[in-house]
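Colleague: I am new to this structure and would like to know what stands behind the labels used for it. Could you take me through them?

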Amino acid sequence: MKNQNMVDPVAKSRVNTLVAFANSTNLLKSSVTATSLGGFWGLYPKKLMKTLKNSKGDAKVNTFIDSMRASSPTRTKSEENQDKTPTWILYHPSALNMFDEIVYNSRGKQIVTFLDYDGTLSPIVADPDKAFMTEKMRATLKDIAMHFPTAIVSGRSLDKVYNFVQLTELYYAGSHGMDIKGPTKSQSHKKNNEAVLFQAASQFLPMINEVYKILVEKTKCVPGATVESNKYCLSVHFRCVDEKNWASLAQKVRSVLKEYPKLRLSQGRKVLEIRPSIEWDKGKALEFLLESLGYDNSNNVFPIYIGDDRTDEDAFKVLRSRGQGIGILVSQIPKETNASYTLQDPSEVCQFLQRLVEWKIKSSHCYKL
């Protein structure tokens, strides 16, 4: 017979976090209603920000610029978003504060970790070629890979992200998941121990190279703009571009892409992303890797995906639809997201991964006893 006095550790963790947060922010005295708090306990968070709507002509261009600003908030914009933080954090609590809940929900299942690179494992920097992660982070990744199948899923080319990480025991999905490669057989977590190799957009390579050359020439006149080739996709960085020149840069990029209808344009954090118009993204890459690992249609897997960018939302959505695992958004400001939890920055990501390793070692030791 179930002991009626026993407290579910998940519920206890949620209550403790809610009470502590409410006390620290005077939330109970704020305008947050019982209805809005109710959403905190539900499976899906409510949308906290309005989505941008496209129209025709100049309005469409202006909306695109607004979307660029929304993806790349300035300091002033970030300060404005602080007003939304109390409500937002209720729907997306810290993964560090809710660690006990996360591992409780993973009990009896194989954890698989998926990690974005820029802004997640390394800080966002002005020069994309200098986005180095710390040695502490590299050591933590090595430990994580020893205990859980681990993949880096990045918009960077596979070769670039590998050169940053330099760990052979990981799976790598470059070009937003369009270029996937697994570890050597001796280091693989795969059940059938076969090499993983997948390239979803190889036929677009000549086109991508052609557009890269055109964009480099077209954007020369925009101070601070840089074009990066990531093999199967391109990135036009505007982190060092004065905001008054964003519209000019966007129009130049869009004018080039008008001649290439098989390519599509999207925005990230201070970057315009150009990719083939195919049904493939980071969410598809996550599903492909789970299948490659032998966990397709399995109830015994608990994927954890950590990322900071709009492109990571595709993976968060997949986890929501599967009803498996969790998404963790890396952000210091409120954003509309399908992730369940948040972390502030790469240093908190490192802390979370370290705790995951420590928990695994401890739980394995207890199991042996």
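Modeller: A cavity is a set of grid points where a 1.4 Å probe fits but cannot get out. The model is predicted, and by this rule the count comes to 1 cavity of 30 Å³ or more. About 370 Å³ of space lies in the largest cavity. Of the 25 residues lining the largest cavity, Asp118, Ile124, His237, Val271 and Glu273 are the closest to its centre.

Colleague: How do you know that the largest cavity lies between domain 1 and domain 2?

Modeller: Domain 1 (85-200 + 280-367) and domain 2 (203-276) both give residues to the lining, so the largest cavity lies between them. Among the strands, β7 (234-237) and β9 (271-276) each supply at least two residues of that lining.

Colleague: How do the residues of the lining of the largest cavity divide into nonpolar, polar and charged?

Modeller: The lining holds 7 nonpolar, 7 polar and 11 charged residues.

Colleague: Why is Cys233 called buried?

Modeller: Buried means under 20% relative accessible area. Cys233 has a relative accessible area of 0%, so Cys233 is buried.

Colleague: What share of the chain counts as buried?

Modeller: Of the 369 residues of the chain, 49% count as buried. The chain has 13 helices and 12 strands.

Technical notes:
Residues are numbered from 1 along each chain as its sequence is written. This is a predicted model: local features need pLDDT of at least 70, side-chain atom pairs count only at pLDDT 80 or more; totals for chains, interfaces and linings use all residues. Side-chain values use heavy atoms; hydrogens and water are left out. On a 1 Å grid over the protein atoms alone, a cavity is a set of points where a 1.4 Å probe fits but cannot get out, and a pocket is an open set with protein on both sides within 12 Å along at least five of seven lines; lining residues have an atom within 4 Å of a point. Grid points are joined across faces, edges and corners, and a volume is the space filled by probe spheres set on the points. Helices (H or I, at least four residues) and strands (E, at least two) are DSSP runs, numbered from the N terminus. Ala, Val, Leu, Ile, Met, Phe, Trp, Tyr, Cys and Pro count as nonpolar, Asp, Glu, Lys and Arg as charged, and the others, Gly among them, as polar. Domain bounds come from an automatic or database domain assignment. Buried means under 20% relative accessible area, exposed over 50%, partly exposed in between (1.4 Å probe, protein chains only).
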